[in-house]
Number of protein chains: 2
Amino acid sequence: MESDQGFKIALDEAKKGAAEGGIPIGACLVAADGKVLGRGHNMRIQKSSPTVHAEIAALEDAGRHPASSYKGATMYTTLSPCDMCTGACILYKINRVVLGENKTFVGGESYLKQRGIEVVNVHSAECETLMRNFIHDHPEDWWVQNMHKKSS
Amino acid sequence: MESDQGFKIALDEAKKGAAEGGIPIGACLVAADGKVLGRGHNMRIQKSSPTVHAEIAALEDAGRHPASSYKGATMYTTLSPCDMCTGACILYKINRVVLGENKTFVGGESYLKQRGIEVVNVHSAECETLMRNFIHDHPEDWWVQNMHKKSS
């Protein structure tokens with residue numbers, strides 16, 4: 001699964017984010033026919049943005065499409081999607097969400113499944129390391145700004 | 001309720017959107033102390049954007065805030081929020097969503113309630129008229145691009 005082009009692009013995007021000093025989360029939206037529709041990474045720090053998460057950036061990069069373009073599409077993301085990005089995948093009736101890991105954060109996976117979206121976790125050690133390094137180096141940008149409660 | 005400053009601002013934003021030829025949906029994020037944190041309107045048509053809905057625009061306009069800023073906050077929006085915007089309100093633990101109407105579209109109201117967010121419908125005839133006029137004049141921009149199935 002990790003050899004999927006969409007996942008590789010999402011991981012490249014996460015690395016771009018890391019290189020920019022941002023939160024290393026990347027995403028890539030791929031149509032049913034394998035065409036890459038959009039790609040992007042989290043811009044919270046780079047743009048002081050509360051809404052440009054990786055999945056949102058990928059959808060925005062794809063631009064406006066008719067419903068048919070999203071039919072059978074897959075959203076690749078390096079991290080379990082938050083509630084907002086979960087909702088975005090539901091809104092556009094994306095077929096499948098492939099996520100890199102959910103050890104550093106668990107988002108709306110069960111709600112995605114409840115709404116009929118397939119969820120695949122590829123358990124990527126590389127994605128997890130990117131996140132763990134970021135959280136270690138910038139705890140204030142993850143725990144406080146990210147609204148997540150720090151677990152013990 | 002319609003006399004609330006936040007709702008008035010959301011309605012003004014919807015009218016701005018209409019004047020720009022866009023989908024007339026506006027939103028305003030107000031903190032617990034009454035301070036207006038952000039405002040915006042749907043930019044699907046103006047920016048060919050699939051993600052800049054009114055609530056997302058208001059959150060983005062507000063910029064980055066610590067979790068404490070959203071505590072007790074209200075998201076005013078002229079239309080029942082879609083799944084993405086529902087998720088965004090949940091992500092930021094917004095306390096209350098005040099919506100203008102849900103006759104032209106019903107979004108994630110029940111999920112908001114399920115996640116502990118108060119939902120208030122002000123049943124605004126003005127919001128409904130704005131939407132009905134838009135849908136009448138631009139059906140292709142509402143039914144096809146918006147992913148909603150046209151009801152009979």
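The sulfur of A:Cys89 lies 7.1 Å from the closest cysteine sulfur, that of A:Cys85, which is too far for a bond. A disulfide would need the two sulfur atoms within 2.5 Å. In this predicted model, A:Cys89 counts as buried, at 1% relative accessibility. Chain B can be read in the same terms: B:Cys89 is in no disulfide, and the nearest cysteine sulfur, in B:Cys85, is 7.1 Å away. B:Cys89 is buried too, with a relative accessible area of 1%.

The next topic is the interface of the two chains. Here 32 residues of chain B are in contact with 32 residues of chain A. The size of an interface is often given as the accessible area lost when the parts come together. Chain B and chain A bury about 3,000 Å² between them, and 60% of this is on carbon and sulfur atoms.

Polar and charged pairs also cross the interface. Ten residue pairs are in polar contact between chain B and chain A, with both residues at pLDDT 80 or more. Four salt bridges are found across the interface. One of them joins B:Arg115 to A:Asp83, with the closest N and O atoms 3.2 Å apart.

On the side of chain B that touches chain A, at least two residues each come from helix H2 (54-62), helix H3 (67-70), helix H4 (83-91) and helix H7 (139-144) of chain B. H4(B) gives the most to this side, with six residues. By residue class, the side of chain B that touches chain A divides into 17 nonpolar, eight polar and seven charged residues.

Note on methods
Residues numbered from 1 in each chain as written. Chains lettered and ligands numbered in written order. Predicted model: local features only at pLDDT ≥ 70, side-chain atom pairs only at ≥ 80, totals over all residues. Heavy atoms only, no water. Buried < 20%, exposed > 50% of the residue type's maximum accessible area, 1.4 Å probe, protein only. Contact = heavy atoms within 4.5 Å. Buried area = accessible area lost by both parts, 1.4 Å probe. Salt bridge = Lys/Arg side-chain N within 4 Å of Asp/Glu carboxyl O. Polar contact = N/O pair within 3.5 Å; in protein donor to acceptor, adjacent residues only side chain to side chain. Helix = DSSP H or I, 4+ residues; strand = E, 2+ residues; numbered from the N terminus. Nonpolar A, V, L, I, M, F, W, Y, C, P; charged D, E, K, R; others polar.
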